[in-house]
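Subject: Structure for your review

Dear colleague,

Please find below the structure that I am handing over to you.

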Amino acid sequence: MTSAQNQIAARLEGDFAAGQLSADGLRAALEALLQDTARRQDLLYLHATSTAPSASVVAMTLVEGGAIVAPPDDPDDWPYQSALDAINDGWRVISFPNMALLALSADDPHGLGFEFILEKWS
Amino acid sequence: MAGVLKMGAARSDAAPKTHDCPATLTDTEVLDFCKNGYLLLEGVVPDEVNRLSVDYCDQDDYYEPTSILAEDWFHQHVICNPAVASSVRSLLGPHFHLPVLMSNHRVAAPFDATGWHVDGNYQFGPELNYLQVFYDPQDTPGAMGPTQVVPGSHLVKNKARFMGHLTGIRGAIPTIAPAGSIFITAYQIWHRRGQATGKGMRNLLKYFYWRTQPSARDWIVEEDFDFATVNYGSPIASVVEQFRADIKVAEMFLWLCGRHDDFQNLGGQSWPLPAHRNGAPYGLPTGL
């Protein structure tokens, strides 16, 4: 499920657990879920410490459901700790780290380096 | 606080544009600045001055309230604040040039985070000829969107427009601080405004000091400071080639010592790489 769908589900679960789930509330949630079915490309930028798909992630950005989703503040809570983790969760790599960075001076580090861009359709 | 009571006194145009005072940072503290690219001084401005500053910004809500620099209370307790000025003196040398422009990142919370960026007209390199300084006149907890910085990122080249897609960066820290806190930064450090979930007005005053004299090791010299064995490691190490951060930090520190001409990196396991050696590291510049 997308983040938006998860939020709707969590709201339903909360109402159900509290004994407050009404027929109107259920219908409104179902309508919201159905309206969220337009398929979009989700993007995941993962910056790793090397070109290895298993390398640790040092930065990330998630674009999901047509919006940028802020990641958890604590990097240990990020959804993926490597590109391989994301691949195993169904993400497809559409861009590998740019080897043009090799042409730059070894004395001058540039940017976060090893950027994997992955996609999913949701 | 006697100076604060002279409210309304204004500095004349003929007032000195430079300032000098004792340098109070130690070798280790200057080296830490080279490693991290910033220095946070918590709660150094008196509460009364913080209140005056907030009141001033409520009256002058222009994004460049430069006229606040002419207020004697602001000059004494913020611009020439002893804790700040002595740190600036340590990093920029004697008779450093005082700010001539004041910016205020004044935003009503709640608000979203901005994108990561380096400020314009940056110059990456070992030189430290100016400092960008931020002053929080009000408490700035996490809910009020404190500025976030990536420690050590002043050593890693980037362009603001190539950073537009970044959101989460491991190691980034929010400069959460009580009212009256000031943080001093290397201009090219990567930073952004954090997200604010609270309510209220957040001011963040930003200004600049410049070097006027050649760099020299004229801060507090530690007798047991050893250029050969000290750790030059930086928190940015995980995103650069192995030991590259150590080399960058050592070069910046030697530049600040006025010894940049002596800096050398002979490659391999030579100085300034960290190691458990049985003698002086190969490549250690003579005279250090």
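Two strands are said to pair if DSSP finds at least two bridges between them. With that term in place, please note that this is a predicted model. It scores ipTM 0.85 and pTM 0.88. For chain B the mean pLDDT is 94, and 97% of the residues reach 70 or more.

**Strand S10 of chain B**

Strand S10 (residues 181-185) of chain B is mostly covered, with five of its five residues buried. In a regular strand the side chains alternate between the two faces of the sheet. On one side of S10(B) are B:Ser181, B:Phe183 and B:Thr185, on the other B:Ile182 and B:Ile184, and all of these are buried.

Which strands pair with S10(B)? Strand S6 (residues 130-136) of chain B pairs with S10(B) in the antiparallel sense over five bridges, and B:Phe134 stands opposite B:Phe183 there. S2(B) also runs antiparallel to S10(B), joined to it by four bridges. In that pairing B:Leu41 stands opposite B:Ile182.

**Helix H1 of chain B**

Strand S2 (38-41) of chain B is also one of the elements against which the buried residues of H1(B) pack, together with helix H4 (82-92) and helix H5 (244-256) of chain B. Helix H1 covers residues 27-36, and seven of its ten residues are buried. Those seven are B:Asp27, B:Val30, B:Leu31, B:Phe33, B:Cys34, B:Lys35 and B:Asn36. Just after the helix, B:Gly37 takes a positive phi of about 85°.

**A three-stranded sheet in chain B**

Chain B also holds an open sheet of three strands in the order S9-S7-S11, with antiparallel pairing. Its edge strands are S9 (173-174) and S11 (191-193), each of which pairs on one side only. Strand S7 (residues 147-149) and S11(B) are antiparallel and share three bridges, with B:Thr147 opposite B:Arg193.

**Chain A**

Chain A has three helices and five strands, which follow the pattern α-α-β-β-β-α-β-β along the sequence. Its radius of gyration is 19 Å, well over the 14 Å that the globule rule gives for 122 residues, so chain A is more spread out than a compact globule. Its C-alpha atoms fill a box of roughly 65 × 30 × 20 Å along the principal axes. The domain assignment gives domain 1 (3-35) and domain 2 (41-121), and the C-alpha centres of these two domains lie 33 Å apart. Buried residues make up 20% of the 122 residues in chain A. Among its contacts with a separation of 6 or more, 62% are between residues 24 or more positions apart.

**Where the two chains meet**

With kind regards

Methods: Residues are numbered from 1 along each chain as its sequence is written. Chains are lettered from A and ligands numbered from 1 in the order in which they are written. This is a predicted model: local features need pLDDT of at least 70, side-chain atom pairs count only at pLDDT 80 or more; totals for chains, interfaces and linings use all residues. Helices (H or I, at least four residues) and strands (E, at least two) are DSSP runs, numbered from the N terminus. The radius of gyration is taken over C-alpha atoms; the globule rule is 2.2 Å times the number of residues to the power 0.38. A residue is buried if 20 or more other C-beta atoms lie within 10 Å of its own, exposed if 12 or fewer, and partly exposed in between; C-beta atoms are placed from the backbone. Two residues are in contact if their C-beta atoms, placed from the backbone, lie within 7 Å. pLDDT is the predictor's confidence in each residue, from 0 to 100. Domain bounds come from an automatic or database domain assignment.
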